Amino acid sequence: MLIKFTKMHGLGNDFMVIDGVRQHIELTPELTARLGDRNFGVGFDQLLLVEKPKDDQHDFHYRIFNRDGSEVQMCGNGARCFARFVHEKGLCDKNEIHVTTVSGELVLTIEDDGEVVVNMGVPCFTPSKIPCTFAQEAPSYELPLACQLHEHDPEALQQWVAIHPTLTIGAVSMGNPHMTTVVDDVAHFPVELLGPLLEKHSYFPEKVNVGFMQVLSRQEAKLRVFERGCGETLACGTGACGAAVIGMTQGRLDSKVKIHLPGGTLSISWEGAGKPVMMKGPATTVFEGTIEI
């Protein structure tokens, strides 16, 4: 069976996008992992599936799968690619597109400059809803690290944790769970060492996306994100939103900021409690293809 797909990226965060409206596909974790293999498949950070709407009030349903086969609630960079895809494929001619995901509703707006603004919804700081096991909501938490170590963990990691037994973080749900820690120099911080430890921390029962943020000014920050089920990616839209609102609640950032990721820059704005986070950035089509499954 041949399936048509489009390869896209948002600031280097890359996607295989499949039209599930005009063709039928049953995705299993095994098939998704095979398609996501960068040597033997198409290769991607996430696979995006466009489906028919669940009701008359929305235009589409949006599903997201990591390359390890797991389905996730939200992907902000993917949402921008989703909007460009349905336009380019003639599935929708609206500039404002309403879609549902497993975590709620998204509103996607294609601007005149071709960039896409995504209403990412209202961030949730309630620990039980992120979810995480901190007793009560706070702008920052002390996360114990030593309890997560195992005998087989790298010696370098064990040495780092011996010096830094706790890590100060903020936590939020942007439709998926995020933690962010502020560091002095994100370029040289051991993201590849700490990312796997933090992603699977027992305080986050559904695992967590991990952001490492360097604040440059009240209007700018650098960010690296270790995504659950993917590892470090060139960009993470929900991660940028999560890091921005955590920085804002901690008094480090203003309400409108530029978040610089390895793959490029996103504009994030948030008016405060009860208000949605707005994210603006590009979405790019790389190539079209077909693959036999």
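Biologist: Does Val 50 count as buried or exposed?

Modeller: This is a predicted model, in which local features need pLDDT of at least 70 and side-chain atom pairs count only at pLDDT 80 or more, while totals for chains, interfaces and linings use all residues. Residues are numbered from 1 along each chain as its sequence is written, and side-chain values use heavy atoms, with hydrogens and water left out. Burial is judged by relative accessible area with a 1.4 Å probe on protein chains only: under 20% is buried, over 50% exposed, and in between partly exposed. Because Val 50 has 0% relative accessibility, Val 50 counts as buried.

Biologist: In which strand is Val 50 found?

Modeller: Strands (E, at least two residues) and helices (H or I, at least four) are DSSP runs, numbered from the N terminus. Val 50 falls within residues 46–51, which form strand E3.

Biologist: Which phenylalanines does Val 50 touch?

Modeller: A contact means heavy atoms within 4.5 Å. Residues up to four places away in sequence are not counted, and the partners of Val 50 then include Val 17, Ile 18, His 61 and Leu 91.

Biologist: How many bridges pair E6 with strand E7?

Modeller: E6 is joined to E7 by a hairpin through two residues. Val 99 stands opposite Leu 106 in E7. E7 covers residues 104–110, and the antiparallel pairing of E6 and E7 has a bridge count of six.

Biologist: Why is strand E13 described as largely enclosed, and how many of its residues are buried?

Modeller: E13 spans residues 220–227, eight residues in total. It is largely enclosed by the rest of the structure because the number of buried residues among the eight is six.

Biologist: Which strand pairs with E13 in the parallel sense?

Modeller: Strand E12 (residues 209–217) runs antiparallel to E13, with seven bridges. E14 also pairs with E13 in the antiparallel sense, over three bridges. The parallel pairing of E13, over three bridges, is with E15 (residues 256–261).

Biologist: Which residue in the turn between E13 and E14 has a positive phi?

Modeller: E13 and E14 form a hairpin with three residues between them. Val 225 stands opposite Thr 233 in E14. In the turn, a positive phi of about 80° belongs to Gly 229.

Biologist: How much space lies in the largest cavity?

Modeller: On a 1 Å grid over the protein atoms alone, a cavity is a set of points where a 1.4 Å probe fits but cannot get out, and lining residues have an atom within 4 Å of a point. Grid points are joined across faces, edges and corners, and the volume is the space filled by probe spheres set on the points. One cavity of 30 Å³ or more is counted. The space in the largest cavity is about 90 Å³.

Biologist: How many charged residues line the largest cavity?

Modeller: The lining includes Gln 46, Met 74, His 178, Glu 227 and Arg 228. Ala, Val, Leu, Ile, Met, Phe, Trp, Tyr, Cys and Pro count as nonpolar, Asp, Glu, Lys and Arg as charged, and the others, Gly among them, as polar. By class there are four nonpolar residues and six polar ones, and the number of charged residues is two.

Note on methods: Two strands pair if DSSP finds at least two bridges between them. On a 1 Å grid over the protein atoms alone, a cavity is a set of points where a 1.4 Å probe fits but cannot get out, and a pocket is an open set with protein on both sides within 12 Å along at least five of seven lines; lining residues have an atom within 4 Å of a point.
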